Number of protein chains: 2
Amino acid sequence: MTEFRITSRVPGSEARAGELVTPHGTVRTPAFVAVATRGTVKALGVDDLERLGVEVLIGNTYHLALRPGAERVAALGGLQGFTGWRGPWFTDSGGFQVFSLGAGKVHGVGKIASVFPGDAPPKPVGESLVHLTEDGAHFRSVVDGSPVFFSPEGVIRLQRLLGADVILPLDECTSPFHDHAYTKRAMERTHRWAERALAAFERTQGVGPNPAQALWGIVQGGAYEDLRRASARAIAGMGFPGFAIGGSLGRSKEEMLRVVEWTAEELPPDRPRHLLGIGGVEDVLQAVARGVDTFDCAAPTRLARNGVLLSLAEEGFRIPIKNARFARDDGPVEEGCDCPTCGRYSRAFLRHLLQAGELSYYRLATLHNVRFMVRLLGRVRAALAAGKAVSAVLLDPSAG
Amino acid sequence: MTEFRITSRVPGSEARAGELVTPHGTVRTPAFVAVATRGTVKALGVDDLERLGVEVLIGNTYHLALRPGAERVAALGGLQGFTGWRGPWFTDSGGFQVFSLGAGKVHGVGKIASVFPGDAPPKPVGESLVHLTEDGAHFRSVVDGSPVFFSPEGVIRLQRLLGADVILPLDECTSPFHDHAYTKRAMERTHRWAERALAAFERTQGVGPNPAQALWGIVQGGAYEDLRRASARAIAGMGFPGFAIGGSLGRSKEEMLRVVEWTAEELPPDRPRHLLGIGGVEDVLQAVARGVDTFDCAAPTRLARNGVLLSLAEEGFRIPIKNARFARDDGPVEEGCDCPTCGRYSRAFLRHLLQAGELSYYRLATLHNVRFMVRLLGRVRAALAAGKAVSAVLLDPSAG
């Protein structure tokens with residue numbers, strides 16, 4: 001069971017602040033859901049997450065089912081018991097891997113294609129590891145190459161065993177380069193899979209370590225307005241207590257925001273909306289303004305590992321810490337940041353650790369970037385509570 | 001300046017408990033000095049070290065001088081300011097790299113040869129990157145291959161800039177497979193270098209971020225009794241306020257302990273003694289019983305990264321966490337351990353993180369192993385304060 005309470009709205013905007021109540025705690029929204037694909041936020045411990053003010057994590061059913069296995073996680077107390085993170089968990093269904101290991105490889109793209117509208121697809125980066133049928137998704141395991149079959153029913157069972165608070169049905173995440181006809185067929189199959197997931201969810205009441213978990217729906221339809229609206233209406237009509245916006249978000253940030261707008265207009269206004277896989281600063285602010293409540297995105301942690309630290313004070317919000325200009329910079333990563341890294345270490349030291357390939361770099365950098373996201377969403381909530389537009393966050397970055 | 005106060009002794013043993021007072025704090029001895037070669041304990045932050053009860057770190061002059069450079073460290077506040085660890089620091093001189101990049105490579109051995117007494121040397125693992133002259137050591141940089149020259153005087157200057165509390169003179173760390181004649185020549189040169197280091201230390205009073213730092217002497221002489229005793233007497237005669245036992249420690253643990261015995265017998269009884277590069281559980285206990293006060297060793301952190309967790313309750317004190325028998329083990333790494341890892345995570349979860357290659361594994365494993373060493377030395381101090389033999393620690397591992 002999840003409950004969602006909207007605590008404030010801003011006139012003339014779809015933005016809302018609220019609380020998502022889960023069996024393992026309450027998440028203040030809008031919220032950043034930290035990515036813990038295989039049961040841990042990369043480079044951080046649970047002690048770190050608590051200190052950073054993280055309130056909710058998202059794991060991945062595909063990865064956790066392959067290793068260590070959903071049965072084993074269940075036997076060890078579910079995600080909460082196994083990982084030590086006893087707060088709220090989401091799990092994604094594996095539908096994104098249908099894309100990332102399938103059409104995403106063949107089309108050489110991510111959820112948003114980084115090409116100009118109208119361009120041909122980029123070159124394939126590999127062969128598809130996925131074969132889809134009406135029954136489900138046939139994968140090759142990324143762990144050992146063995147065949148893996150995910151059905152809508154099987155994915156519910158896996159997530160019952162993993163025990164997250166919010167679980168998602170198997171879907172087909174399409175590519176920005178899928179045409180209208182293919183996207184429509186995929187969407188219709190995703191809808192049939194959603195019905196099967198709902199039935200399986202009912203049949204498995206009481207299974208697993210967290211019987212109070214909630215199944216949310218996923219809206220597909222690519223960047224085609226008619227399909228997005230149709231998908232949002234169809235999925236909303238199935239009575240899910242919350243919704244995720246999945247799949248292709250088009251070929252530009254502008255298309256992504258239109259997709260969010262179309263979808264939010266069709267969804268019940270009183271239910272929570274999660275935008276899957278999006279977490280850029282401006283994307284988050286724009287999506288909140290269009291009615292999105294929660295986000296997950298691997299970019300803040302991945303950027304940290306790749307030497308990019310986030311700051312509202314910088315061009316593009318990015319500090320490339322390996323740059324020689326930081327070699328003698330004894331200031332913190334971001335002036336005014338209250339994260340453990342900024343409180344104790346200089347840009348020069350972080351640069352040294354990265355250059356020396358020291359493991360401690362990865363944690364210190366990730367601590368900052370995750371805290372950056374937590375603070376960003378905290379500022380968004382503060383703006384909403386004060387009746388201000390979300391864009392106020394960028395006008396006064398020192399607030400919050 | 002370092003001061004050393006012996007607070008308790010055990011009758012019939014050379015063991016002593018005490019306090020080493022440095023410009024940046026007091027270290028309770030016997031103590032484990034955590035290895036922070038390039039300015040950080042691998043995989044940990046300073047917050048972690050504080051939580052673990054670590055009291056002192058050792059950095060490496062060779063590595064820090066190459067990257068980021070001693071001048072830069074000085075400009076950024078010395079090791080204390082640069083790294084965020086504001087407690088006591090040691091720096092090793094680069095003498096160990098004379099061995100590890102030189103004869104250690106050619107002879108294919110470490111400080112203690114892991115072959116049977118009388119065996120021929122193992123196969124070379126590479127060509128020497130070191131050329132020694134009376135002037136000093138010509139290295140090739142491990143960072144970029146460029147030539148680097150370390151003289152006894154230059155190494156003092158580098159350590160003045162780095163600013164550790166205890167610094168060491170350049171020495172030649174010989175190999176267990178160096179014969180008596182070579183070891184004697186090397187020892188005599190090390191003594192001449194020690195005199196030059198002392199003179200340079202006097203001349204550079206006031207240079208660098210930590211003018212109160214102390215220069216300790218290093219005893220060499222390999223595993224030859226006459227040489228070890230001669231070296232200890234010669235180095236002691238130079239008036240150093242503390243001593244390190246360096247170089248080859250022979251071809252077995254037994255030889256190592258004899259080396260420690262010979263050396264300790266010749267050193268002034270009221271001054272602190274550091275055993276370089278040794279940190280096995282039994283080695284530490286045996287060396288304390290022979291009058292050693294402090295130890296540094298990369299093994300606890302390196303073992304952690306390689307999947308070996310330490311426990312007094314296990315055969316050989318080692319838990320190979322990747323072993324399949326831990327896949328369903330929901331117990332902590334070590335029963336009764338108060339480290340952050342044991343308090344929150346199971347063996348099964350740590351095994352999962354290691355198998356998945358998650359960065360968070362390295363920190364959680366290192367947290368345990370470092371805390372293990374800190375607790376081990378705490379138990380040693382408690383035994384000594386109670387007038388018990390150091391071996392009591394192994395008879396009652398639950399104490400302390």
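Trainee: A nonpolar core is a set of buried Ala, Val, Leu, Ile, Met, Phe, Trp, Tyr and Cys residues joined through C-beta atoms within 7 Å. Which residues touch the most other members of the largest one?

Mentor: Ala34(A), Leu350(A), Ala34(B) and Leu350(B), out of 272 residues. Buried means that 20 or more other C-beta atoms lie within 10 Å of the residue's own, against 12 or fewer for exposed and anything in between for partly exposed, with C-beta atoms placed from the backbone. This is a predicted model, where local features need pLDDT of at least 70 and side-chain atom pairs count only at pLDDT 80 or more, while totals for chains, interfaces and linings use all residues. Residues are numbered from 1 along each chain as its sequence is written, and chains are lettered from A and ligands numbered from 1 in the order in which they are written.

Trainee: What does Leu350(B) touch?

Mentor: Leaving out residues up to four places away in sequence, Ile321(B), Val333(B), Tyr345(B), Tyr361(B), Leu364(B) and Ala365(B). Contact means C-beta atoms, placed from the backbone, within 7 Å.

Trainee: And Ala34(B), what is its bridge partner in β5(B)?

Mentor: Leu57(B). Strands (E, at least two residues) and helices (H or I, at least four) are DSSP runs numbered from the N terminus, and pairing needs at least two DSSP bridges.

Trainee: Are the faces of β5(B) covered or open?

Mentor: Both are covered: Leu57(B) and Gly59(B) are buried on one side, Ile58(B) and Asn60(B) on the other.

Trainee: Where do these strands sit in the sheet?

Mentor: In chain B the order is β11-β10-β6-β5-β4-β15-β14-β13-β12, an open parallel sheet of nine strands. β11 and β12 stand at the edges with a single partner strand each, so one side of each has no neighbour in the sheet.

Trainee: New topic. Why is α6(B) called largely enclosed?

Mentor: Because 10 of its 11 residues are buried, among them Pro152(B), Glu153(B) and Arg160(B). Gly163(B) follows α6(B), with a positive phi near 85 degrees.

Trainee: What rotation superposes chain B on chain A?

Mentor: 180 degrees, with 0.0 Å of shift along the axis and an RMSD of 0.0 Å, by least squares on C-alpha atoms of residues with pLDDT of at least 70 in both copies. The copies are thus related as by a two-fold rotation axis. The same surface serves both, since 100% of the contact residues of chain B recur in chain A.

Methods
Two residues are in contact if their C-beta atoms, placed from the backbone, lie within 7 Å.
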